[in-house]
Amino acid sequence: MKKKLAITPEQVAAFSIVHQEPDWFAALRQTALGQIEKLDLPIFEKINYKHWPIMAANAPTLTTSVTDTLPEMVADLTADQPYVIQVGQTIAKLNLPSELAEQGVIFTDIFTALQDYPELVHEYYMQVTVKPDEDRLTAFHTALMNSGMFLYVPKNVVIKQPITAYYVQDSTQATDFIHHVLIMAEQNSEFSYLENLQTMGDHKNLANMVVEVIAKDNSHVHFSAVDAFGKSVTTYLNRRGHLMRDARIDWALGFMNDGNIIGDFDSDLVGDGSHAETKVVAISTGKQIQGIDTRVTNIGPRSIGHILQHGVILEDATLTFNGIGHIIKGAKGADAQQENRVLMLSRTARGDANPLLLIDENDVQAGHAASVGRVNEQQMYYLMSRGLSKEVAQRLVIRGFLGAVLTEIPDKNVRQQLTDTIERKLIDGQKSEH
């Protein structure tokens, strides 16, 4: 039996009024609110999350977060670099260089975008990548979204500086983080977007985050993320890409969270010659559960979809990789490849790597590889015989294992940030074992 949400249409309407949302958006919220209890939770193979506190019973309210303590990397951001720091619902800093604004680039919070650029937002918000009535979690997100960003890059604009976003989930207070990011890349545009997810505080909250990337003809989006939500946060993280003719998205995702989390990553290769490369590294520690469901759907002819996922598990943690490649009828010449590998460093760890290929067309290329195993004892023996401690030897083996994915990430700054985060998480995990 589904738990009834104690949220009324009047409470949701009040939140819309505070943000001066256009009528169509307020109506979208109300429709989604009425659908929540009628819809089922999404099913992810071998990921049992339905007992998690993944759904809130609190109405959306306007909150303010303290922004005195900002992420360490802020010091490295410069005036000529586009960036945002958002703590909870509060924009702490937002920088869009004037030369980009003059070219028509838009980078602003989602509520400002709804007021200033309603037609742009209306065209794609929850329209093609994620539908409000797709399942219970997407309806919940649509009805109760309380923060987010909008990025629009016009036709033929190439941005050389990476666009950096820090989204800090505020657990210093009882408030849920229901966050939406809408990214639109017009024809022939190219840019890099780096997303950092963090938590401050240890109050138990939930995060429900949806990211939509619309890549129009011949655009190229480099999307990188370092996900590091805290232990007190239960998260549903949904990232979707919609790729048109000859568009490309390079996903580089570091799953470094400390709490229980579901990651739902999809790329719809709609246009002829569209191309998505999805690279994921993940580490699970303690008793946490991380489930990652990565799907690429080849719809257009000659479309290419590749998935590369490597993960490490320590202590009593669980990590599940689901990789789904689906070639739709009519996608002649399509290519769907995937590799899912999990390394376990504990006998009480649990890991799964589940590849799935669904092929409805001839004249295509498809393949998969998967493995779940423990640390190579010969490698460990060799390293320890050279005077290294067990902990250091383990970290070297893990770095080598994850390096197969890290070396495929073209941006050296993202590689270094992920490497530093991996090192921190491994050291923390090894400390708690003793």
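The model is predicted, so local features need pLDDT of at least 70 and side-chain atom pairs count only at pLDDT 80 or more, while totals for chains, interfaces and linings use all residues. Residues are numbered from 1 along each chain as its sequence is written, and side-chain values use heavy atoms, with hydrogens and water left out.

**Exercise 1. Ring pairs**

Find how the rings of phenylalanine 15 and phenylalanine 111 are arranged.

Step 1: Start with the rule. Rings of Phe, Tyr and Trp (its six-membered ring) pair if their centres lie within 6.5 Å; planes under 30 degrees apart count as stacked, over 60 as edge-to-face and the rest as tilted. A search of the whole structure finds 9 aromatic pairs.

Step 2: Apply the rule. The two ring centres are 6.2 Å apart and the planes stand at 75°, so phenylalanine 15 and phenylalanine 111 form an edge-to-face pair.

Step 3: Place the residues. Phenylalanine 15 sits in helix α1 (residues 9-18) and phenylalanine 111 in helix α4 (residues 110-116), 96 residues apart, so to speak linking distant parts of the chain. Helices (H or I, at least four residues) and strands (E, at least two) are DSSP runs, numbered from the N terminus.

Step 4: Check burial. Both phenylalanine 15 and phenylalanine 111 are buried; buried means under 20% relative accessible area, exposed over 50%, and partly exposed in between (1.4 Å probe, protein chains only).

**Exercise 2. Strand β1**

Work out which strands β1 is joined to.

Step 1: Recall that two strands pair if DSSP finds at least two bridges between them.

Step 2: Strand β5 (residues 163-170) runs parallel to β1, with 5 bridges joining them. Here glutamine 86 stands opposite tyrosine 167.

Step 3: Strand β2 (residues 90-95) runs antiparallel to β1, again with 5 bridges. Valine 87 has threonine 90 as its bridge partner in β2.

Step 4: Look at the surroundings. In β1 (residues 83-87), 5 of the 5 residues are buried, so the strand is largely enclosed by the rest of the structure.

**Exercise 3. Lysine 216**

Decide whether lysine 216 is buried or exposed, and find its polar contact.

Step 1: Locate lysine 216 in the loop between β8 (205-215) and β9 (220-228).

Step 2: Its relative accessibility is 12%, so lysine 216 counts as buried.

Step 3: The lysine 216 side chain makes a polar contact with the side chain of glutamate 186 at 3.3 Å. Such a contact is a pair of N or O atoms within 3.5 Å; within protein, one must be able to donate a hydrogen and the other to accept it, and residues adjacent in sequence count only if both atoms are side-chain atoms.
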